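Here are some friendly notes to read alongside the model. Have the structure open as you go through the points.

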Amino acid sequence: MEHPIRIMAPAAALLVSGVLTAGCAAPEPLPEITQGARPTAAPATTGPQASKDAKAAASSGASLGGPGTACALPVSFALAEKWTAEAVEDPENPEFAALTRQGPATVRCEVDAKPAGHIGYLRVWTAGKGPARAALEGFMKAEEKATAVTYRETKAGALPATEVTYTVANELMDDPKDERAFAVSTPKGTVIVHLGGLDTAEHRAMLPAYELAKSTTKAL
């Protein structure tokens, strides 16, 4: 694997290796949860039907997280067809902490969408044992450019999960771009699965792969 700096490089570096694809329709916004408030019910676009739609839109390729897969993780989940996973080399090296750590989390694996025709990654982060919500909030506090941050309680497979949607400033374009992540707590620690993308159109085009990962997540 290449140097850890590669995986966290600005999106501009990815322009030479992929072509923008048209985004799908915007997903229904997640309900906003103010600090200290109880989470509201999940919107109708989530749940069993959403999982079925995600699996139909992103046919399953390999799996990730289990024995013999590219990355050893506390969870496993299915990858969309043609997405390729690679473990992050030496993520604990303090020399690269600014690139491999975000709040309480350390990046362990990245799943590249370019072979499937998109510009972006699913990145998998791990944190210590504890509530998924707390780890995800710590992860987001370290994202200084995040705006419109919205949390909700949901499921990842059969596991309780917390999900966040937000926008960040786009380094290449005037409009901010959408990003999201979900977190689950396991006996081996917390896992955060994050989806970014070159821009909002790419992010939306990659949502089926994200939903496939979320709907098939299992603790190991």
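1. The largest cavity has a volume of about 30 Å³. A cavity here is a set of points on a 1 Å grid over the protein atoms alone where a 1.4 Å probe fits but cannot get out, and the volume is the space filled by probe spheres set on the points, which are joined across faces, edges and corners. Searching the whole structure gives one cavity of 30 Å³ or more.

2. Please keep in mind that this is a predicted model, where local features need pLDDT of at least 70 and side-chain atom pairs count only at pLDDT 80 or more, while totals for chains, interfaces and linings use all residues. Residues are numbered from 1 along each chain as its sequence is written, and side-chain values use heavy atoms, with hydrogens and water left out.

3. Which residues line the largest cavity? They are Ala78, Leu79, Ala80, Trp83, Val111, Leu122, Ala209 and Ala213, where lining means having an atom within 4 Å of a point. Strand 2 (75-80) and helix 6 (207-215) are the elements that give two or more residues to this lining; helices (H or I, at least four residues) and strands (E, at least two) are DSSP runs, numbered from the N terminus. Strand 2 has the largest share, with three residues.

4. Trp83 deserves a look of its own. Beyond its neighbours within four places in sequence, Trp83 is in contact (heavy atoms within 4.5 Å) with Val111, Asp112, Ala113, Ala116, Tyr121, Leu122, Met206 and Ala209.

5. Trp83 and Leu122 are also among the residues with the most contacts inside the largest nonpolar core, which has 28 residues. Such a core is a set of buried Ala, Val, Leu, Ile, Met, Phe, Trp, Tyr and Cys residues joined through side-chain atoms within 4.5 Å, with buried meaning under 20% relative accessible area, exposed over 50% and partly exposed in between (1.4 Å probe, protein chains only). Elements that each supply at least two residues of this core include strand 2, strand 5 (105-112) and helix 6. A second, separate core of 16 residues includes Ala105, Ala146, Val164 and Ala183.

6. Now to Glu153, which is found in strand 7 (residues 147-156). Glu153 is partly exposed, at a relative accessible area of 30%. The Glu153 side chain makes polar contacts with the side chains of Arg133 (3.0 Å) and Thr162 (2.9 Å). A polar contact is a pair of N or O atoms within 3.5 Å; within protein, one must be able to donate a hydrogen and the other to accept it, and residues adjacent in sequence count only if both atoms are side-chain atoms.

Methods. On a 1 Å grid over the protein atoms alone, a cavity is a set of points where a 1.4 Å probe fits but cannot get out, and a pocket is an open set with protein on both sides within 12 Å along at least five of seven lines; lining residues have an atom within 4 Å of a point.
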